[in-house]
Amino acid sequence: FDPAKTRYKVFRRLGSYNAEAKELASDLTDTSFSDPCTDLETETNVYYMVSAYNEFGNGGSVSDYYGALVGPAKKLPFYESFDGGSAWYKQPLNLWQTGTTSSNGYCSMQYLATGYVTVGDQSYYPSGVKSEGGVYEGFCGAGYSAYSSPDVQDYIVSGKLDKSEFDYPVISFYYMPVETDCTLRVDALNVSNPDDAIVVYDVDLKDGAVPNAEPQWKKVNAPMEGLGIEDQFKIRFIAGMAPSRGVIAPVYFDEIRIENYPGVAEESIAATEDDQNMVTVGWNAPESDKTGAYFNVYVDGEKAGEVAYFVDEPAIPMADGETPVDPVQDKSFTFSFQGTAGMNHIIGIQPVYMDPDNVMVDVPSRISEIKYECGKNQSGISCVLTDRTSTEYFNLQGLRVEAPAKGDIVVKRSLQPDGKVKMEKVVVD
């Protein structure tokens with residue numbers, strides 16, 4: 001036996017320490033190896049194994065059972081159904097990590113094909129959102145877990161996500177409230193400062209769970225724009241204690257999506273008026289829109305009407321006997337209203353989308369506006385739009401607030417020196 005003739009092989013497993021091993025290198029004489037991980041498309045747990053061999057054959061090996069979390073952030077859109085794995089032992093489709101604030105380190109979060117809950121004197125076996133015909137679709141959630149401290153939280157955190165190519169991200173998910181006094185909160189954690197949690201949605205289970213009734217899945221669409229979420233972030237789902245009982249009771253969630261729902265580009269909005277001051281405003285649908293639904297049109301802060309539309313494949317199914325609506329090709333739209341000569345009208349266009357489950361997605365802060373000075377244009381001549389003010393405020397319903405009061409929660413829209421618009425939710429001080 002000649003130790004100088006010993007060679008080494010390095011293997012890597014992705015996702016799990018018992019996943020299939022891929023050989024990265026062989027015929028190594030050094031006892032170190034660098035893996036650039038440039039082939040990874042998203043953040044992943046990686047596990048390594050090293051084996052020794054010589055002219056007499058293979059020798060022993062050593063494996064890493066703890067792994068390392070490496071790889072780039074996953075670019076949006078994001079989708080998680082928890083439908084991986086077998087019929088009974090479900091696994092998520094993406095990277096998630098569980099955690100708890102409990103001192104004993106036990107987290108009740110789990111991936112399920114079916115659950116068991118007792119409501120009143122009845123027992124139920126809830127399953128995933130799309131469970132039909134005996135097919136057990138996966139979901140995730142916290143089971144019963146008792147602790148001595150009333151502020152314990154169990155949670156699940158996604159891998160790194162990248163929203164740099166999304167202008168108006170919206171997160172949607174289903175949740176199933178089982179107990180009326182438990183909590184479910186959704187946070188965003190900026191990668192640059194993960195200790196600073198940004199609340200995206202705080203589910204009030206008191207309004208969702210019905211005492212002594214079978215629990216039902218409920219849909220949420222929550223905008224992520226204007227909250228201070230940076231391009232790289234993580235999503236965290238937190239199940240909290242029922243303060244009156246000192247336990248975490250079952251709360252489940254499923255079908256998590258983050259999609260882009262862009263607003264109307266303000267440069268596409270134009271207006272004309274006739275000699276009776278009838279103003280017609282026109283605009284184009286966002287180029288990236290793939291769903292369609294309708295536009296809300298606001299004039300001077302009040303809703304003036306709606307304009308419906310579809311894209312290449314209408315998202316709204318037609319009932320029997322109805323004539324399908326022709327798809328819109330040019331995505332150009334108009335709306336008319338009676339203007340007042342000498343008045344600066346503020347015209348707002350807000351797209352309202354149809355999500356993959358045919359649920360409307362309405363983001364208040366995504367209203368694109370122009371100011372139009374009525375009565376200064378010849379008949380049929382396009383108006384010259386006046387400049388926007390540098391800072392504007394809107395309430396959470398998307399309507400302009402001229403003088404917000406101290407303590408009001410509003411959306412602040414600021415025009416930056418580079419011409420970009422910054423949106424943020426603020427408390428007026």
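Patches are made of residues with over 30% relative accessible area and no salt bridge, where like charges are joined within 9 Å and nonpolar side chains (Val, Leu, Ile, Met, Phe, Trp, Tyr) within 5 Å. A salt bridge is a side-chain nitrogen of Lys or Arg within 4 Å of a carboxyl oxygen of Asp or Glu. Accessible areas come from the Shrake-Rupley method with a 1.4 Å probe, and for residues only the protein chains shown count as cover.

The model is predicted: local features need pLDDT of at least 70, side-chain atom pairs count only at pLDDT 80 or more, and totals for chains, interfaces and linings use all residues. Residues are numbered from 1 along each chain as its sequence is written, and side-chain values use heavy atoms, with hydrogens and water left out.

**View 1. Three tyrosines make a nonpolar surface patch.** Tyr 17, Tyr 65 and Tyr 66 form this patch of about 450 Å². Tyr 65 sits in the loop between strand E4 (57-63) and strand E5 (68-70). Strands (E, at least two residues) are DSSP runs, numbered from the N terminus. Is Tyr 65 buried or exposed? Tyr 65 is exposed, at 54% relative accessible area. The cut-offs are under 20% for buried and over 50% for exposed, with partly exposed in between (1.4 Å probe, protein chains only).

**View 2. Phe 237 pairs with Trp 96 and with Phe 173.** Rings of Phe, Tyr and Trp (its six-membered ring) pair if their centres lie within 6.5 Å; planes under 30 degrees apart count as stacked, over 60 as edge-to-face and the rest as tilted. The count by this rule is 17 aromatic pairs. Trp 96 is buried at 8% relative accessible area. Phe 237 is buried too, at 0%. Phe 173 and Phe 237 are also edge-to-face, at 5.2 Å centre to centre and 85° between the planes. Here Phe 173 lies in strand E18 (residues 169-177), 64 residues from Phe 237. Ring pairs link a cluster that includes Phe 78, Phe 82 and Tyr 111 along with Trp 96, Phe 173 and Phe 237.

**View 3. Three strands form an open antiparallel sheet.** The order is E25-E26-E29. Strand E25 (270-273) and strand E29 (332-338) are at the edges with a single partner strand each, so one side of each has no neighbour in the sheet. Neighbouring strands are turned by 20° against each other on average, direction ignored. Two strands pair if DSSP finds at least two bridges between them. E25 and E26 (residues 278-284) have four bridges, and E26 and E29 have seven. Ala 271 has Val 281 of E26 as its bridge partner. Val 279 has Phe 337 of E29 as its bridge partner. In the hairpin of E25 and E26, four residues lie between the strands, and Asn 277 takes a positive phi near 60°.

View 4. Most residues other than glycine have a negative phi, and most peptide bonds are trans. Leu 76 and Pro 77 are joined by a cis peptide bond, with omega about 15°. Pro 77 is in the loop between strand E6 (74-75) and strand E7 (78-80). Cys 37 has a positive phi near 60°. Cys 37 is buried, with a relative accessible area of 12%. Glu 255 has a positive phi of about 50°. Glu 255 lies in strand E24 (residues 251-260), and counts as buried at 4% relative accessibility.

Methods. Axes fitted to C-alpha atoms, helices over the stretch in contact; angles between N-to-C directions.
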